[in-house]
Amino acid sequence: MAAPGPGEYFSVGSHVSCITCLGQRLQGEVVAFDYPSKMLTLKCAPSSGKPNLSDVVLVNLAYVSDVDVISDRTETPPSLASLNFNKLVNRARAEKEDKLSQAYAVSAGVSVEGQQLFQTIHKTIKDCRWQEKNIIVMDDVVISPPYQVDNCKGKDGSALSHVRKIVKTSFNNKKKKSYLAQTFEH
């Protein structure tokens, strides 16, 4: 069968096989089909070999030489899982805040080391922000440039010691990577 003509479509759940313009054979279950753009989405066997995973492939039918329907789904496909809209909105808001924070650091002239340290801290402690070129962690600890352990200031306690430990580990890892890079250059 050639690519579908006007009024033709692929049913969600059908199994199809196609050959791309590169001669690659793709076979899988139709997940979605958009006639105007001639885009077919297939769920295929995993390239990783892990049985609990699938590869999802977008196929532009303009670049396919042949499409065969192996088995057509005649019954109505199962309904789509519902989305937790509030969770998606919160995730989008958090991502936007992270990107704005990164943009602020760049525009404020924060060093690459400072930006990297901020990202490292933010992975484990979400309550951190920029205040000019200083990193503020949990409103208890201030890390000022050049972002070393000695530049961590705050009330003595578990928060300060924890942040110092993160800064020390980050600094040691960076030093180790620099040493390894120099070793392999020679």
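This is a predicted model: local features need pLDDT of at least 70, side-chain atom pairs count only at pLDDT 80 or more; totals for chains, interfaces and linings use all residues.
A residue is called buried when its relative accessible area is under 20%, exposed when that area is over 50%, and partly exposed in between, with a 1.4 Å probe and protein chains only. At 15% relative accessibility, Ser101 therefore counts as buried.

Residues are numbered from 1 along each chain as its sequence is written, and side-chain values use heavy atoms, with hydrogens and water left out. The pLDDT is the predictor's confidence in each residue, from 0 to 100. Its mean over the chain is 86, and 89% of the residues reach 70 or more.

Helices (H or I, at least four residues) and strands (E, at least two) are DSSP runs, numbered from the N terminus. The chain contains 3 helices and 9 strands, and its elements follow one another from the N terminus as β-β-β-β-β-α-α-β-β-β-β-α. Of the 186 residues in the chain, 25% are buried. The chain exposes about 12900 Å², of which carbon and sulfur atoms supply 55%; such accessible areas come from the Shrake-Rupley method with a 1.4 Å probe, and for residues only the protein chains shown count as cover.

An open sheet is formed by 5 strands in the order β4-β3-β2-β1-β5, with antiparallel pairing. Two strands pair if DSSP finds at least two bridges between them. The edges are held by β4 (55-60) and β5 (64-71), each with a single partner strand, so one side of each has no neighbour in the sheet. Strand β3 (residues 39-44) pairs with β4 in the antiparallel sense over 6 bridges, and Thr41 stands opposite Leu58 in β4.

The description now returns to Ser101, which lies in helix α1 (residues 85-107). Contact means heavy atoms within 4.5 Å. Leaving aside neighbours within four places in sequence, Ser101 is in contact with Phe118 and Trp130. The side chains of Ser101 and Trp130 also make a polar contact (3.5 Å). A polar contact is a pair of N or O atoms within 3.5 Å; within protein, one must be able to donate a hydrogen and the other to accept it, and residues adjacent in sequence count only if both atoms are side-chain atoms.
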